[in-house]
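Q: Hi! Could you walk me through this structure? I'd like to begin with the ligand and then move on to charged pairs.

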Amino acid sequence: MSRLIVVSNRVSPPTGGNANQGGLAVALASALRESDGIWFGWSGEEVERFTGEIDYQRNDGVATATIDLEPQDTDEYYNGYANRTLWPLFHYRIDLAEYERSFAGGYARVNSRFADTLRPLIEPDDLIWVHDYHLIPLGLALRRRECRNRMGFFLHIPWPPRRLLLTLPSHAALVKSLFAYDVIGFQTADSLDAFVDYVQGELGMFVGSDGIIHVAGRVVKLITCPIGIDAAGFRRAADDPAARAAHEAMLESANGRAMLIGVDRLDYSKGLEERFLAYERFLAAHPEKHEQVFLLQIAPPSRVEVNSYQEIRASLEAVSGRINGAYASAEWVPIRYVNQGYPRDELAAMYRAARIGLVTPLRDGMNLVAKEYVAAQDPDDPGVLILSRFAGAAEQLREALLVNPYSAEDVADAIAAALAMPREERIARWLPLMANVEREDVTWWMRRFIAELADMRRAVA
Ligand code: ADQ
């Protein structure tokens, strides 16, 4: 078995118990342990001058290697090119995308720094698996340093349509840099198709129906490989005593009212304002439901240094305040809006207590909350998942109530339908959803990607 080297912007090693650990960290940790691998990335810390010094740690049998970056790197690479340029562009928000040469320069510099520090750690037979939009050119930077290993790249966010990508200065160089990898993985067929459209239409290259591209004597394979959750772990979390207690407390606080739940990082791609407005539309159209429902929206802030994230926070506070002001009574508040994070078992308990999971991003690579909501449900009395057709998860979770998140009426109708849905129909929809979430879980995703990568041949000298 080859040793696995995982590379991502940030590294989240196991913390002991799995209670607060994301599924990705749990799954990768098991593969890293099995192959005695390394997880390499940025520590999240800054130093005045970059030294390339590597901090090695071992947590729960998982070896991590992290580097510190300079403040200018954080500004230009992380807050700049990753979060102000690529993130909005890849989520179809060219109105928010900022194209600055300094950001592109910082992005290239940090990818070179990753390559310089990682290169000496690589043994000839290692499999290298690079994650996400922060590190697109890392493969090429490693090839330029004589790295002939099998290398794979997985994109966690959507790949944008060709016409949008054309707005990015140096789009061709960015795309061509991906050909340094042997396997390029996308969450959905929709993303893969958009990539193929660009490669064929813009670069004039041929992509076989098997996803194979021949580039300069090498074979590059495109695959779809949708990420899953730690379904078994999540189900266990929903069943453990702490979660049961939290569940009871939640039900008591709901006081017989049907709860709708939303759980999202505070991000404009998640469609939170549109969700609040759709819920308002539902309240306006269904006065008979007042006092009988409430929306719990959990949205911990993220990327607070980027302006558009400060703006969304302010506008959500205004919209939720206005709706509560218009509809609340002495006993009832229609929207409970909280900005904090919760441990996984409490989150599972809240999902289980919710009659409706409201997952309505405007654009999302996958959306793990949709899968977590399904995994946490009581099989005898499951809730209803309302899911945006623009979340990657909609390609798999066909039995959810699929909605257009841009249409307040569409989402409002789905809320009404979900509240009226009889138990038999809820069960009939939930069973296939759960089967999918359990079958294509995070371990399935990881094994599938690694197997594809292991199947490729090492690059010839
Ligand atoms: P994200 O955009 O972060 O991920 P998502 O897939 O929904 O989005 O994952 C969020 C995770 O954070 C979930 O596991 C959720 O439980 C957790 N979380 C959210 N709010 C929380 C809170 N208040 N307390 C505790 N935990 C909370 C990116 C892409 C997605 C893609 C994933 C994985 O944008 O499209 O699905 O990577 O590839």
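Predicted model: local features only at pLDDT ≥ 70, side-chain atom pairs only at ≥ 80, totals over all residues.

Q: How many residues surround the ligand, and which are the closest?
A: There are 21 residues around the ligand, and the closest are H156, Y342, D364, M366 and E372.

Q: What does D364 do there, in terms of distance to the ligand?
A: An N or O atom in the D364 side chain is 2.5 Å from an oxygen atom of the ligand. E372 also has a polar side-chain atom by a ligand oxygen, at 2.6 Å.

Q: And Y342, which part of that residue faces a nitrogen atom of the ligand?
A: The backbone: one of the N or O backbone atoms of Y342 lies 2.8 Å from a ligand nitrogen.

Q: Nice. How much of the ligand's accessible area does the protein cover?
A: On its own the ligand has 720 Å² of accessible area, and the protein covers 81% of that.

Q: Which elements give two or more residues to the shell?
A: Those are α12 (344-353) and α13 (368-375). The largest share comes from α13, with 3 residues.

Q: Which residue pairs with D73 at 2.7 Å?
A: That would be R113, with 2.7 Å between the closest N and O atoms of the salt bridge. The pair links distant parts of the chain, since D73 sits in helix α2 (residues 71-90) and R113 in helix α3 (residues 101-118), 40 residues apart.

Q: Are those two buried or exposed?
A: D73 counts as buried because its relative accessibility is 0%. R113 is buried too, with a relative accessible area of 16%. Both values fall under the 20% cut-off for buried.

Q: Which residues are linked with D73 and R113 in a network of salt bridges?
A: E70, E76 and R109 are linked with D73 and R113 in that network.

Q: What about R162, which residue does its side chain meet in a salt bridge?
A: R162 meets E202, at 3.2 Å from N to O. This pair also links distant parts of the chain: R162 is in helix α5 (residues 162-165), and E202 is in the loop between α7 (189-201) and β8 (212-215), 40 residues away. R162 counts as partly exposed at 24% relative accessibility, and E202 is partly exposed at 34%.

Q: And D267 with R265, what is the N to O distance there?
A: Their side chains meet in a salt bridge at 3.2 Å. D267 is buried, with a relative accessible area of 0%, whereas R265 is partly exposed at 29%.

Q: Last one: where is V11 found?
A: V11 is in the loop between β1 (4-10) and α1 (23-35), and at 15% relative accessibility V11 counts as buried. The C-alpha atoms of V11 and D73 are separated by 17 Å, with the two residues 62 apart along the chain.

Methods:
Residues numbered from 1 in each chain as written. Heavy atoms only, no water. Near = heavy atom within 4 Å. Polar contact = N/O pair within 3.5 Å; in protein donor to acceptor, adjacent residues only side chain to side chain. Areas by Shrake-Rupley, 256 points an atom, 1.4 Å probe, with all protein chains shown as cover. Helix = DSSP H or I, 4+ residues; strand = E, 2+ residues; numbered from the N terminus. Salt bridge = Lys/Arg side-chain N within 4 Å of Asp/Glu carboxyl O. Buried < 20%, exposed > 50% of the residue type's maximum accessible area, 1.4 Å probe, protein only.
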